[in-house]
Amino acid sequence: MSRATPVRRRTLADLQRMAAAGERIAMLAVSDATFAALAERGGVHALLVGDSLANTVQGRETTLPVTLEEMVYHTRCVARGSREAFLLADLPFGSFEGSPATAFAAAARLLEAGAQMVKIEGGAPWVAETVAFLTARHVPVCAHLGLTPQAVHEFGGYRVQGRAPEDAARLLAEARRLAEAGAALLVLECIPRALAARVTTEVEIVTIGIGAGAATHGQVLVAYDLLGLTPPPRPRFVRDFLAPAASAEAAVRAYVEAVAAGRFPGAAESY
Ligand code: KIV
């Protein structure tokens, strides 16, 4: 009699084991059940309910207006559409800055909706304090440094971060601070690939890059970008995997394979 292996969700420990074994992690940002299921069929290891759904789903200019209620709704949709991938969700702008206790209340809503981890942008000391507060209360945290879109008005636009030596040194110090505070994953967005490689080798944390070169432990892309659905101009780090593929599922699989083989992103897709 054959017994089917029970399906279980990947855990943070699974992702940490992959990173330690040198197996690259493929993450996809999705916001609904259909895309979540598609991503899983394509072999993606982790799903992010990112606040970029403000741009892709809601047609907004920035990620700032997304509410916690909306993030909870989309997290539920993605949780229902998936069974195996590790699931993390963004703490949206305005949901965590007030105090660590406010951040915990927001994180609890996302975990109740099905997330296994929350992502928080920034590396200032108060963000690290919040990370420590959350992790002490059983909320796994993914940090996010570099081009953090919630700080777009401070940056004056969507620009590569960490190019100047003093900015690179600050980012490295922030990564250390967040890891010491208990963050287990770190998204590095739009930074020079040499800096991402340094963070990956020098800081005790699993790194996931987007526009940060191929030396990180894993990659994340927004599903709409991977499928070539985002209208131009597209950032340099975006590759349309659908154009050469026979189906959307084949495109996701090609992404997972390219990440695994270190073929994505290429030099021309990095800074
Ligand atoms: O919101 C999002 O989709 C993200 C990824 C681009 C990292 O934060």
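Mentor: Happy to. Let's start at L28, which, apart from its neighbours within four places in sequence, is in contact (heavy atoms within 4.5 Å) with A39, V44, A46, L47, L48, V220, L221, V222, A223, L226, V252 and Y255. Please keep in mind that this is a predicted model, where local features need pLDDT of at least 70 and side-chain atom pairs count only at pLDDT 80 or more, while totals for chains, interfaces and linings use all residues. Residues are numbered from 1 along each chain as its sequence is written, and side-chain values use heavy atoms, with hydrogens and water left out.

L28 matters to our tour as a member of the largest nonpolar core, which has 95 residues; L28 and Y255 touch the most other members. A nonpolar core here is a set of buried Ala, Val, Leu, Ile, Met, Phe, Trp, Tyr and Cys residues joined through side-chain atoms within 4.5 Å. Buried means under 20% relative accessible area, exposed over 50%, and partly exposed in between, using a 1.4 Å probe and protein chains only. In soluble globular proteins, nonpolar side chains tend to be buried together.

Which element gives this core its largest share? That is α8, with seven residues. Helices are DSSP runs of H or I with at least four residues, strands are runs of E with at least two, and both are numbered from the N terminus.

So let's follow α8 to a packing partner. Two packed helices are described by the angle between their axes and the distance between the axes. For α8 (residues 165-181) and α9 (residues 193-202), the angle is about 30° and the axes lie 10 Å apart. Axes are lines fitted to C-alpha atoms, for helices over the stretch in contact, and angles run from 0 to 180 degrees between N-to-C directions. The two helices are therefore roughly parallel to each other, a label for angles under 35 degrees, with over 145 roughly antiparallel, 65 to 115 roughly perpendicular and the rest oblique. Their crossing is right-handed, that is, the near helix is turned clockwise from the far one by less than a right angle, anticlockwise being left-handed.

On the α8 side, A168, L171, L172, A175 and R176 meet L195, R198, V199 and E202 of α9. By class, the residues of this contact are six nonpolar, no polar and three charged.

Definitions and conventions:
Nonpolar A, V, L, I, M, F, W, Y, C, P; charged D, E, K, R; others polar.
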